[in-house]
Every structure is written in C-alpha cells, then in structure tokens.
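Keep the viewer open as you read.

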Amino acid sequence: MALCSALAVSSAAPQQQPGYKSFPSVAPGAEGQKRTPEFFVMIDPSHGGSDKGASLGGKLMEKDITLRLARELRRELEERGIASRLLRESDIDLSLDRRAEITNEQRAGIYVALHAARPGRGVRVYAPLLVSAQQTPAGRFLPWDSAQSGALSRSQAVARAVTEQLRKRGLTVASLGMPVRPLNNVTAPAIAVELAPDQDDPQSQETQRRQNSVTSAIALGIAEIRSQMGSRP
Amino acid sequence: MIPRHFQITVALVLLAILISGVVIIRITHKEEAMTLQASEAGPVAPVVGGKQEHIQLLLAYDEDQALRWRPADVFLPADRNLRAREALRSVLAQYLQMPSPHPLAKGADIRDVYFISTDTMIVDTTAPFADGHPSGILLEELTLASLIETLTANVPGIARVKFLVDGRERETLAGHADLMSFYQTAVVHEMAKEFE
C-alpha cells in the first residue's frame with residue numbers, strides 16, 4: 001500500500017510504519033495562524049473509468065448515475081451555502097485508497113460517497129463499521145484500516161440526520177453500519193448513500209424525481225448536522 | 001410398375017423420418033450439454049466423508065433484503081478446516097441453484113479454508129466468486145455476512161475471518177465490500193442481526 005501521499009505536518013514527523021499514514025491536524029502553511037480551515041463536503045461519485053460499478057439495465061451504469069447525483073448534490077449544497085468538492089468531475093479511474101487520501105489531505109469536513117445499485121426501490125444510508133481489531137495510533141500515524149475511528153460517532157450522527165431527512169420526504173430508507181470501502185480510511189465523518197433505481201425503468205421521470213429528492217435530503221441533513229455541531233462536525 | 005404418386009409418398013415419409021431423427025438427436029445433445037454445464041457450475045472439490053449433520057445456514061434473500069436461518073442436512077467431517085469448507089459450500093450451493101435467493105456466478109466456490117492461528121481463519125474463494133459477483137453494497141455485504149455467520153455457527157472458536165480470491169488479496173468483493181480487513185466475527189454478528 002502506498003504510504004507517501006499524506007501531508008507531512010512538520011519536518012520532524014516520525015517514521016511511517018507499514019499500514020499507517022500521517023494525517024495533518026492544521027492546514028498547510030497555516031502554522032502559527034491557527035485559523036479554522038474552510039468547511040466543505042467532499043462528494044465522491046463512486047466508480048468511474050474502467051470501474052463501471054453495478055449494471056442497472058441496458059447501458060446504464062452505476063458510475064454514470066453517481067456522477068449525476070454528485071453534481072446534483074453539489075448544487076443542493078451550494079443553495080444552502082455549503083461548499084463542496086467532487087472527487088471526480090468526469091469518467092476517470094480513481095482507486096479507493098486515492099479517494100480517501102485526497103479527502104484526508106484536503107481535510108474535508110464531511111465525506112459522502114454516492115452509490116446506485118439493486119435490489120429494492122429505496123435508499124440505503126451507510127455509516128462506517130470497523131470490522132478489524134483496532135490498532136493503536138503510532139504517534140501522528142493512524143492505522144489505515146481504522147483511520148475513521150476518531151470520527152465514527154460523528155459519522156453515525158451524519159447518517160442519522162440524512163436518514164431522518166430522507167424519511168421526512170416519504171422515501172423508504174434503511175440505515176446501516178457497513179464496512180464499505182473507503183469509509184474506514186477517511187478521517188472525517190463519512191457516510192455512503194446507495195440509491196436503488198426503479199428496476200423497471202431506471203431512467204424514468206419518477207426515478208429522476210426521486211434522485212433529486214434524495215440529493216436534496218442529503219444536503220438538508222448535512223446542513224442540519226453542521227448547524228448542530230458547529231462549523232466542523 | 002410402382003405408381004409415381006406412391007413413390008413420392010414413400011420418399012416424403014422417409015424424408016420426414018430422417019428429419020425427425022436429426023431433430024431428436026440434436027435435442028438430446030443439447031440437454032446433455034445443459035446438464036453438463038449445470039454440473040460444472042456446482043462445487044468442484046471431491047465429496048468429503050464425515051457424518052450427516054443437521055446444521056443451520058444463514059442465507060441471503062435479495063428480494064426481501066434479509067438474512068434468514070435455514071436448516072440443511074450436510075455431511076461434515078470432524079476436521080475443522082474441512083468442516084468449515086463444507087459449511088461454506090453448502091451456502092454457495094443454495095445460491096447456485098435455480099431459482100436462487102441470492103444469485104452468484106457459475107463457478108463460485110471455496111478453493112481452500114485454513115486457520116492461520118487458533119481463532120483466525122482464511123477463506124480462499126475461486127475467481128468467479130468475486131469476478132461474477134453482482135455489484136452493490138448491500139448485495140456484497142449480504143454475501144459476506146451469510147458466509148461468516150454460517151461459519152461461526154457451525155465451527156466453534158473463530159474470532160476473525162479473512163477472504164482471499166484465487167489465493168490473493170483483493171480490495172473489494174465487487175467494488176464495495178471490504179475484503180482487505182480481517183473481519184471480527186462478533187462485529188459481523190451484530191451487523192447480521194440488522195437483516196434478520
């Protein structure tokens with residue numbers, strides 16, 4: 001596993017051990033200023049490039065739906081005054097480790113992975129679940145497999161807030177804890193949302209309306225949890 | 001002298017018999033091929049000994065998005081490794097039959113099962129198990145929870161399980177579920193309860 005992409009906090013950083021990565025506690029160049037970094041949501045349109053994700057009937061692939069959902073979520077967040085970034089803007093390959101690395105390097109406030117797959121017709125909201133035995137951090141270095149451990153309770157709070165907003169919109173929602181990659185490698189509060197498209201017609205107007213409703217509910221949930229927990233949940 | 005119309009009739013009857021014979025032979029060959037293909041999709045390892053036991057399998061039901069315990073009569077050897085392998089293959093056999101509650105690709109099977117410590121088990125699956133697995137968070141997690149829970153229910157003393165695919169580590173099962181971690185069976189047990 002690559003170990004060199006994490007940002008060094010200082011030149012006196014301890015030596016990395018296999019399976020561990022360092023994560024900065026302050027913004028680069030912000031030493032001495034102690035300013036609060038800008039809060040933003042990292043939106044991950046899962047899959048992309050050669051990784052097509054789930055096949056949803058005909059030529060419709062999961063990677064295409066997730067990108068569409070991501071753009072819609074960005075618009076919804078912007079309308080509520082919340083900054084956001086997309087991990088990919090086009091149909092490119094991006095490994096799961098790299099997605100987590102970018103999110104950690106840029107110190108996202110919240111990470112949201114978007115997915116679309118069968119079965120069912122509802123929406124599933126996943127909080128991280130640490131299935132491996134917890135390793136202790138070695139100085140500044142966090143075990144990669146459980147980098148999420150420090151943010152787990154906040155991830156669960158974000159998942160609850162989003163689930164609540166989805167339910168308010170009359171959508172069928174399941175809220176679960178799952179070891180979904182790369183949630184456990186992200187140091188920020190992280191959730192994954194999986195939309196189950198209409199099996200009969202995944203591109204129907206009803207499905208489109210539901211997708212818009214889902215992104216709107218995610219944005220509302222994030223706005224709510226942000227106001228509850230301060231600028232950096 | 002045989003009348004011409006009689007010659008034509010006999011010729012037509014013979015032709016009809018010939019065509020029927022060809023059609024019957026082709027249908028028979030097709031059925032044989034289908035039977036052979038179906039048998040190839042099943043478990044490939046030789047049948048093991050042991051006594052027949054009435055065990056419980058935790059099976060995934062995609063339509064209901066649920067896991068349910070189902071009884072099965074399975075020949076289980078005394079050896080822990082073989083016992084674990086047979087329990088897992090019993091689950092896969094349920095998924096490979098038609099109709100299936102949780103369809104997996106043909107050739108999905110267990111290559112090997114072994115302990116690397118007293119309580120840590122490695123489950124090595126065939127390539128088609130992962131390559132042909134339907135993609136999706138829920139579908140993949142149901143598969144793993146079903147296998148791990150069936151293991152712990154029928155082979156005592158397993159605290160951690162790690163999956164390999166064709167003898168190697170793989171990041172995910174089919175793009176979502178983590179295959180790099182050593183799954184703590186106690187955590188999976190709690191996760192599975194959410195689907196029962």
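A crossing of two helices is called right-handed if the near helix is turned clockwise from the far one by less than a right angle, and left-handed if anticlockwise. With that in hand, look at chain B of this predicted model: the crossing of α2(B) and α4(B) is right-handed.

**Chain B**

Two packed helices are described by the angle between their axes and the distance between the axes. For α2 (residues 80–96) and α4 (residues 137–154) of chain B, the axes come within 9 Å and cross at roughly 140 degrees. That makes α2(B) oblique to α4(B), since only angles over 145 degrees count as roughly antiparallel.

Which residues do the touching? On the α2(B) side they are Arg83(B), Ala84(B), Ala87(B), Leu88(B), Val91(B), Leu92(B) and Tyr95(B), and they meet Ser146(B), Leu147(B), Thr150(B), Leu151(B) and Asn154(B) of α4(B). Sorted by class, that contact has 8 nonpolar, 3 polar and 1 charged residues.

Zooming out, chain B has 5 helices and 6 strands, laid out from the N terminus as α-β-β-α-β-β-α-α-β-β-α. Of its 196 residues, 46% count as buried. Take the chain B contacts between residues at least 6 apart in sequence: 62% of them join residues at least 24 apart.

**Chain A: sheet and helices**

Over in chain A, 6 strands form an open, mixed sheet in the order β3-β2-β4-β8-β5-β7. Its edges are β3 (83–86) and β7 (173–178) of chain A, each pairing on one side only. From one strand to the next, the twist averages 25 degrees.

Strand β2 (residues 40–45) of chain A runs parallel to β3(A), and 4 bridges join them. Across that pair, Met42(A) stands opposite Arg85(A). Helix α1 (residues 62–79) of chain A packs on the sheet, where it touches β2, β3, β4 (110–116) and β8 (190–195) of chain A, and its direction makes about 140 degrees with that of β4(A).

How does α1(A) sit against α4 (residues 205–229) of chain A? Their axes come within 9 Å and cross at roughly 50 degrees. That makes α1(A) oblique to α4(A), and the crossing is right-handed. Residues of α1(A) including Ile65(A), Leu69(A) and Leu73(A) meet a set in α4(A) that includes Gln208(A), Ile218(A) and Ile222(A). By class, this contact has 7 nonpolar, 5 polar and 3 charged residues.

Most residues other than glycine have a negative phi, and most peptide bonds are trans.

| Spot | Feature | Angle |
|---|---|---|
| Arg118(A) and Pro119(A) | cis peptide bond | omega about 5 degrees |
| Arg181(A) and Pro182(A) | cis peptide bond | omega about 0 degrees |
| His47(A) | positive phi | near 70 degrees |
| Arg107(A) | positive phi | about 55 degrees |

Where are they? Pro119(A) is in the loop between β4 and β5 (123–128) of chain A, while Pro182(A) lies in the loop between β7 and β8 of chain A. His47(A) belongs to the loop between β2 and α1 of chain A, and Arg107(A) to the one between α2 (96–105) and β4 of chain A.

Note on methods
Residues are numbered from 1 along each chain as its sequence is written. Chains are lettered from A and ligands numbered from 1 in the order in which they are written. This is a predicted model: local features need pLDDT of at least 70, side-chain atom pairs count only at pLDDT 80 or more; totals for chains, interfaces and linings use all residues. Side-chain values use heavy atoms; hydrogens and water are left out. Two strands pair if DSSP finds at least two bridges between them. Helices (H or I, at least four residues) and strands (E, at least two) are DSSP runs, numbered from the N terminus. Axes are lines fitted to C-alpha atoms, for helices over the stretch in contact, and angles run from 0 to 180 degrees between N-to-C directions. Contact means heavy atoms within 4.5 Å. Angles under 35 degrees count as roughly parallel, over 145 as roughly antiparallel, 65 to 115 as roughly perpendicular and the rest as oblique. Ala, Val, Leu, Ile, Met, Phe, Trp, Tyr, Cys and Pro count as nonpolar, Asp, Glu, Lys and Arg as charged, and the others, Gly among them, as polar. Buried means under 20% relative accessible area, exposed over 50%, partly exposed in between (1.4 Å probe, protein chains only).
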